[in-house]
Amino acid sequence: MAPYSKTIHIVLTTVLILLIGLLVLQALGYGVGFAIDPETGVNEFGYEEPTVVENLTVALVGLVGVGMVGIAALLILSAILVWRGNPAGAYVAMMIGGIYVLSGLCAFRAEWWWDASFYTFSGALLIVLSAAVRWLPQAAR
């Protein structure tokens, strides 16, 4: 690998790990709250506080919280693998990026513009950076 491409690889890896760190904080910030107290999490989905909160709604919000904590765990695993140079880390990050893009598209459908923009943009950025970290060193040879 040429010296300049090694530097680019280090910069891309650092940016990818920083993005993963930001997404871990975001996923934990929402996920833990939804998992611990799903009744107050109903307001986060853009609806007025209903007079009667159905048990199913509360259970689904709690499951969203558990899912976000799981995504945070996968992102941490991905960051560790990327840091160690294991190609599986980039693949895990690309998979999570795809999940974020799909979540963003669902949020667009629900007209939650801020959430939709955040998830779609961060998911696409995660896919692009992971692909660059994974395949740029091979292309420079």
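Leu28, Val32, Ile36 and Val69 together form a nonpolar patch on the surface, with about 320 Å² of accessible area. Patches are made of residues with over 30% relative accessible area and no salt bridge, like charges being joined within 9 Å and nonpolar side chains (Val, Leu, Ile, Met, Phe, Trp, Tyr) within 5 Å. A salt bridge is a side-chain nitrogen of Lys or Arg within 4 Å of a carboxyl oxygen of Asp or Glu, and accessible areas come from the Shrake-Rupley method with a 1.4 Å probe, where for residues only the protein chains shown count as cover.

The model is predicted, and local features need pLDDT of at least 70, side-chain atom pairs count only at pLDDT 80 or more, and totals for chains, interfaces and linings use all residues. Residues are numbered from 1 along each chain as its sequence is written, while side-chain values use heavy atoms, with hydrogens and water left out.

### Exercise 1: the overall chain

Solution. Next, consider burial, for which buried means under 20% relative accessible area, exposed over 50%, and partly exposed in between (1.4 Å probe, protein chains only). The chain exposes about 8,500 Å², of which carbon and sulfur atoms supply 71%. Finally, turn to contacts, meaning heavy atoms within 4.5 Å: among those between residues at least 6 apart in sequence, 66% join residues at least 24 apart.

### Exercise 2: the nonpolar patch

Solution. With a relative accessible area of 31%, Val69 is partly exposed.

### Exercise 3: helix α3

Task: work out what span the 29 residues of helix α3 should have, and compare it with the distance between the end C-alpha atoms.

Solution. The expected span of a helix is 1.5 Å times one less than its number of residues. For helix α3 (residues 55–83) this gives 42 Å, and the end C-alpha atoms are 42 Å apart, so the two agree. Now look along the helix for buried residues, among them Val58, Gly65, Ile71, Ser78 and Ala79.

- Val58 has 16% relative accessibility and so counts as buried; Val58 and Gly41, 17 residues apart in sequence, are 8.1 Å apart in space, C-alpha to C-alpha.
- Ser78 is buried at 0% relative accessibility, and, not counting residues up to four places away in sequence, Ser78 touches Ile20, Gly89, Val92 and Ala93.
- Ala79 is buried, with a relative accessible area of 16%, and, leaving aside neighbours within four places in sequence, Ala79 is in contact with Ile17 and Ile20. Ala79 and Thr13 are 66 residues apart in sequence, yet 9.4 Å apart in space, C-alpha to C-alpha.

Just after α3, Gly85 takes a positive phi of about 85°.

### Exercise 4: aromatic pairs

Task: state how many aromatic pairs the structure holds, then examine two of them.

Solution. Rings of Phe, Tyr and Trp (its six-membered ring) pair if their centres lie within 6.5 Å; planes under 30 degrees apart count as stacked, over 60 as edge-to-face and the rest as tilted. The structure holds five such pairs. In one of them, the rings of Tyr91 and Trp135 have centres 6.0 Å apart and planes at 70°, so the pair is edge-to-face. This pair links distant parts of the chain, since Tyr91 lies in helix α4 (residues 87–109) and Trp135 in helix α5 (residues 113–139), 44 residues apart. Tyr91 is partly exposed at 40% relative accessibility, and Trp135 is partly exposed at 37%.

Phe118 and Tyr119 also form an edge-to-face pair, 5.4 Å centre to centre with 80° between the planes. Here Phe118 is partly exposed, with a relative accessible area of 23%, whereas Tyr119 counts as buried at 15% relative accessibility. Together with Tyr100, Phe118 and Tyr119 form one aromatic cluster.

### Exercise 5: a loop residue

Task: decide whether Glu111 is buried or exposed, and say where Glu111 lies.

Solution. Glu111 lies in the loop between α4 and α5. Its relative accessibility is 55%, so Glu111 counts as exposed. Phi of Glu111 is near 65°, a positive value in a residue other than glycine.

Definitions and conventions
Helices (H or I, at least four residues) and strands (E, at least two) are DSSP runs, numbered from the N terminus.
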